[in-house]
Amino acid sequence: MNEKPVKRLPLLPLRGLTVFPYMVLHFDVGRARSIAALEAAMLNDQEIFLVTQKDTRIDEPEVDDIFEVGTISKIKQLLKLPGETIRVLVEGLERGRILEFIEEEPYFEVDLVTPIEYDDAEIELQMEAISRSVLTSFEQYVKLSNKISPETLLTVNSLEDPGRLADVIAANILVRSEDKQKVLEAFHPVERLETLYDILIREIEILEIENKINLRVRKQIDKVQREYYLREQLKAIQKELGESDGLAGEIEEYEEKIEKAELPEEAHEKAIRELNRLSKMGPGSAEGSVIRTYLDWILDLPWNEETEDNMDLKNAARILDEDHYGLEKVKERVIEYLAVRQLTKNMKGPILCFVGPPGVGKTSIAKSVARSLNRKFVRMSVGGVRDEAEIRGHRRTYVGAIPGRIIASMKQAGSKNPVFLLDEIDKMSSDFRGDPASALLEVLDAEQNFAFRDHYLELPFDLSKVMFITTANTLDTIPRPLLDRMEVIQISGYTEEEKRNIASMYLIPKQMKEHGIPEKGLVISNPVIGDIINYYTREAGVRNLERQIATICRRAARKILETKKSGVRITAGNLSRYLGAPRFHYDKAADNNEIGMVTGLAWTSVGGDTLSIEVTPMIGTGKLVLTGHLGDIMKESARAGFSYIRSRSAEFGLPEDFHEKTDIHIHIPEGAIPKDGPSAGITMTTAVISALTKIPARGDVAMTGEITLRGRILPVGGLKEKILAAHRAGIKKVLIPSENSRDLDEIPDNIKRKVEVVPVETMDEVLSHALVRLPEPA
């Protein structure tokens with residue numbers, strides 16, 4: 001194969017288009033270089049070199065972005081279009097190979113050569129054979145593709161030149177530009193036909209697979225269309241017979257329900273759309289059952305149902321007092337809400353959070369709130385919930401999807417303004433399925449919950465009129481953003497007197513009724529109730545107290561039946577026969593003033609308690625020994641108190657080097673119980689001073705407070721529970737930080753009359769009250 005002499009022509013790069021010899025086509029030109037090349041070609045016998053660029057995404061191709069082989073073409077027609085675009089009609093003449101780029105600006109100009117093809121008699125039979133194979137494959141391709149006209153097939157069959165045959169077929173089959181370029185670059189007819197044959201075989205295999213897929217899909221579509229036609233016929237027959245059974249009847253029933261429900265506009269439109277989808281499905285369609293369930297949920301929700309609040313403040317107060325003793329803060333907040341509702345009709349529902357230890361009545365007071373307001377009550381426990389979908393629901397794309405528990409509870413309530421209790425909100429957790437606490441942010445935000453969207457419903461539901469009440473044992477585990485949305489009401493433990501009243505007024509009558517004991521069949525006096533509280537329960541609430549009373553009722557019922565007596569009286573003498581030996585004991589105030597022994601006060605999850613702190617100095621090397629299962633904070637408080645004593649050793653009459661020759665052992669009894677916190681700081685310091693100075697500490701004085709290195713007393717928490725514990729132990733005087741004076745309002749008046757509460761600011765004041773006498777300076 002030889003080559004013709006060099007020819008110089010302007011070059012026009014094409015994007016996604018390959019031009020073959022003998023091919024006539026038109027295309028649009030808009031790039032500046034391409035337009036310049038066209039203008040130059042019009043001045044040069046209207047010949048131009050058309051070559052495909054390698055990457056169609058490149059707007060301004062360079063030399064390396066253009067294939068080496070292209071087609072010399074003749075420009076037949078130019079037509080200017082709006083927007084500086086030119087439509088060109090060209091005819092391919094012959095192949096050409098770029099020899100050298102002469103110019104790149106303002107357009108590409110190249111020197112190229114066109115190979116000369118010589119007939120070779122030796123390969124005439126081979127060429128005939130490959131031509132027949134290509135023609136046979138092309139005919140098969142045309143039958144499978146249905147995209148090539150019969151005229152094209154006739155034209156191809158009439159061609160005698162093998163090279164031209166290959167070019168015409170390659171130009172008409174729908175393959176990638178890279179494959180067409182391979183055919184264009186094959187100059188020898190045999191090589192060109194072989195390349196084309198490989199491409200045709202591959203395309204035929206692909207088309208056969210496509211046809212198999214299309215046939216399968218068409219059969220399915222035909223089946224659906226046949227079923228639709230038969231259903232329409234069935235509908236017409238049922239209509240003629242006056243029957244409304246089947247899917248048509250179901251659709252009509254849903255239409256009636258939707259119109260009667262008076263849904264919000266968005267919910268109404270959504271329900272109608274889903275109903276239209278249902279009407280186009282078969283009775284046995286799986287998707288149909290999903291749509292029916294969805295429509296049922298929409299229709300069952302209380303979009304407009306609302307109970308009328310009982311605005312009588314006295315009646316509400318009476319109901320709250322009937323059900324619960326104490327809990328004044330909660331009752332006041334409910335009465336305040338009713339008062340505001342009377343003044344403004346559109347007030348949003350409050351979001352309250354009751355925080356307190358177990359058994360103090362957080363859940364039951366929520367029920368009483370609903371009864372006093374004449375509202376429906378619904379409870380949802382979120383303790384242990386880990387999945388966000390529990391709150392927001394699952395999207396309908398999942399199999400077995402259902403709404404979240406918020407929407408499910410609203411359906412259960414049957415009104416849009418219930419009292420909604422979210423129990424144990426401090427015990428939620430999160431994992432890879434999401435954070436339910438974050439999902440609750442929208443529910444418990446009065447500015448957002450008027451349009452709460454469940455993932456299943458995908459419709460806004462108004463929660464703004466719901467009165468949300470949450471309960472928790474502690475605030476520490478509630479995320480801050482969630483806590484910020486709630487109004488926190490602390491419910492502390494009951495005093496002994498409150499527990500006695502609750503037992504006599506509520507618990508004993510309730511348990512007697514449940515156990516079938518007549519009104520006078522069981523008598524438990526107030527002192528006996530006090531013994532049950534002190535020696536058989538240790539809790540902030542009354543849950544275990546109710547269990548003990550239930551135990552007494554069961555055994556009393558048995559005794560009434562066995563002895564045929566009309567009633568049973570429980571006394572301090574026979575109490576152990578019903579409840580067994582006492583299970584708990586409380587420390588009592590020491591009768592004597594002792595050296596190195598001081599009473600402290602502690603807060604626990606079940607109320608307050610007293611701590612007897614003992615200190616013993618020993619000859620040693622200055623060690624500070626701490627025992628009694630103490631936490632790190634408590635140990636740090638002891639070290640801070642000891643440093644305070646060393647800094648003022650002269651004022652306490654101690655040698656300057658006492659800490660080098662004396663070991664101090666601080667012990668708090670009941671070592672199996674962990675103890676921690678800073679509130680025992682002043683107690684341990686006072687006990688150490690008493691032990692070192694040999695001055696007795698008063699046995700009827702207890703104290704609580706955090707100490708600093710300068711002897712200042714810092715405030716602590718749990719003051720009410722601590723003072724109640726001091727009163728139970730017979731303590732006459734309690735020393736508290738002066739900054740805690742504001743908490744004295746929570747202490748019952750009868751307790752304040754029996755226990756003298758003394759606010760203190762410095763350790764000097766503590767020592768003046770706690771020691772029998774003050775130490776003398778050295």
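## A cis peptide bond

Pro106 sits in the loop that runs between strand S6 (85-103) and strand S7 (108-113). Strands here are DSSP runs of E with at least two residues, helices are DSSP runs of H or I with at least four residues, and both are numbered from the N terminus. The peptide bond leading from Glu105 to Pro106 is cis, with omega near 0°.

## About the model

The model is predicted: local features need pLDDT of at least 70 and side-chain atom pairs count only at pLDDT 80 or more, while totals for chains, interfaces and linings use all residues. Residues are numbered from 1 along each chain as its sequence is written, and side-chain values use heavy atoms, with hydrogens and water left out.

## Two residues with positive phi

Asn374 has a phi near 65°, which is a positive value in a residue other than glycine. Asn374 belongs to the loop between helix H12 (362-373) and strand S10 (377-381). The relative accessible area of Asn374 is 46%, so this residue is partly exposed. Buried means under 20% relative accessible area, exposed means over 50%, and partly exposed lies in between, using a 1.4 Å probe and protein chains only.

Lys694 also has a positive phi, near 65°, and is likewise a residue other than glycine. Lys694 is found in the loop between helix H23 (681-693) and strand S22 (701-703). With 53% relative accessibility, Lys694 counts as exposed.

## Nonpolar cores

A nonpolar core is a set of buried Ala, Val, Leu, Ile, Met, Phe, Trp, Tyr and Cys residues joined through side-chain atoms within 4.5 Å. In soluble globular proteins, nonpolar side chains tend to be buried together. The largest nonpolar core in this model has 53 residues, and Ile406 and Ile425 have the most contacts inside it. Helix H9 (residues 286-300) gives the largest share of this core, six residues. Apart from this core lies another one, of 52 residues, which includes Leu25, Met127, Ile148 and Ile173.

Contact means heavy atoms within 4.5 Å. Leaving aside residues up to four places away in sequence, Ile406 touches Met380, Ile391, Phe420, Leu422, Leu440, Val443, Phe452 and Leu463. Ser409 lies in helix H14 (residues 405-413). Ser409 is buried, because its relative accessibility is 6%. Not counting residues up to four places away in sequence, Ser409 touches Val378, Met380 and Phe420.

## Leu17 and its contacts

Leu17 is in the loop between strand S2 (7-14) and strand S3 (24-29). The relative accessibility of Leu17 is 24%, so Leu17 counts as partly exposed. Residues up to four places away in sequence aside, Leu17 touches Leu25, Phe27, Thr52 and Ser177. Leu17 and Thr56 are 39 residues apart along the chain, and their C-alpha atoms are separated by 9.4 Å.

## Salt bridges

A salt bridge is a side-chain nitrogen of Lys or Arg within 4 Å of a carboxyl oxygen of Asp or Glu. By this rule there are 33 salt bridges. One of them joins the side chains of Glu424 and Lys427 (2.8 Å, N to O). Glu424 is partly exposed, with a relative accessible area of 25%, and Lys427 is partly exposed at 37% relative accessibility.

Another salt bridge joins the side chains of Glu562 and Arg558 (2.8 Å, N to O). These two residues are separated by about one helical turn, because Glu562 and Arg558 are four residues apart in helix H19 (residues 543-563). Both Glu562 and Arg558 are exposed. The side chains of Arg648 and Glu651 meet in a salt bridge (2.2 Å, N to O). Glu651 is partly exposed, at 39% relative accessibility. Salt bridges that share partners link Lys270, Glu274, Arg277, Arg396 and Glu458 into one network.

## A nonpolar surface patch

Ile209, Ile213, Val217 and Ile221 form a nonpolar patch on the surface, and together they have about 340 Å² of accessible area. Patches are made of residues with over 30% relative accessible area and no salt bridge; like charges are joined within 9 Å, and nonpolar side chains (Val, Leu, Ile, Met, Phe, Trp, Tyr) within 5 Å. Accessible areas come from the Shrake-Rupley method with a 1.4 Å probe, and for residues only the protein chains shown count as cover. Ile221 is in helix H6 (residues 189-241). The relative accessible area of Ile221 is 44%, so Ile221 is partly exposed.

## Cysteines

A disulfide is a covalent bond between the sulfur atoms of two cysteines. The rule used here asks for a pair of cysteine sulfur atoms within 2.5 Å, and the count comes to zero disulfides. Cys353 is buried, at 0% relative accessibility. Cys553 is buried, at 0% relative accessibility.
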